[in-house]
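Trainee: Could you take me through this model, with the criterion behind each term that you use?
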Amino acid sequence: MKYMLLIRPDDDYSGGVPAEMIAATEAWVREMTERGVRREGAALRPPAESTGVRRKAGKVITTDGPFAESKEQMGGYDLIDCRDLDEAIEIASSHPIAAAGMVEIRALTDDFD
């Protein structure tokens, strides 16, 4: 089953992600890729660089900055493919951000296949 891991650090890392977090995350990526469960993933640019898009009354409206007024912002994602939710939890709990924030697990739906 495919799951999206939404990486949500507690810190906004506006001064840059600490080198030890980068190294730990790179090691996690290598391990999960070698294990054959990680399909893809990436870090995201800071929320301040985001663009929100809405369509109202036929007009496209864009806004700069974070889409939500929230302390928690998504810092990245990983797409994994594993046996079941238990394995997804085990994989997510080993991500370095699980100790410095939260890793949200969301199952993918097959509705659009």
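Mentor: By class, the lining of the largest pocket has 15 nonpolar, seven polar and seven charged residues, where Ala, Val, Leu, Ile, Met, Phe, Trp, Tyr, Cys and Pro count as nonpolar, Asp, Glu, Lys and Arg as charged, and the others, Gly among them, as polar. This is a predicted model, in which local features need pLDDT of at least 70 and side-chain atom pairs count only at pLDDT 80 or more, while totals for chains, interfaces and linings use all residues. Residues are numbered from 1 along each chain as its sequence is written, and side-chain values use heavy atoms, with hydrogens and water left out.

Trainee: What makes arginine 38 and aspartate 78 a salt bridge?

Mentor: Their closest N and O atoms are 2.5 Å apart, and a salt bridge requires a side-chain nitrogen of Lys or Arg within 4 Å of a carboxyl oxygen of Asp or Glu, so the pair qualifies.

Trainee: Why is aspartate 78 called buried?

Mentor: Aspartate 78 has 5% relative accessibility, and buried means under 20% relative accessible area, exposed over 50%, and partly exposed in between (1.4 Å probe, protein chains only); therefore aspartate 78 counts as buried. Arginine 38, with a relative accessible area of 16%, is buried by that criterion as well.

Trainee: How do you know whether arginine 39 is buried or partly exposed?

Mentor: Arginine 39 has a relative accessible area of 45%, so it counts as partly exposed. Arginine 39 forms a salt bridge with aspartate 81, the closest N and O atoms being 3.6 Å apart, and aspartate 81, at 23%, is partly exposed.
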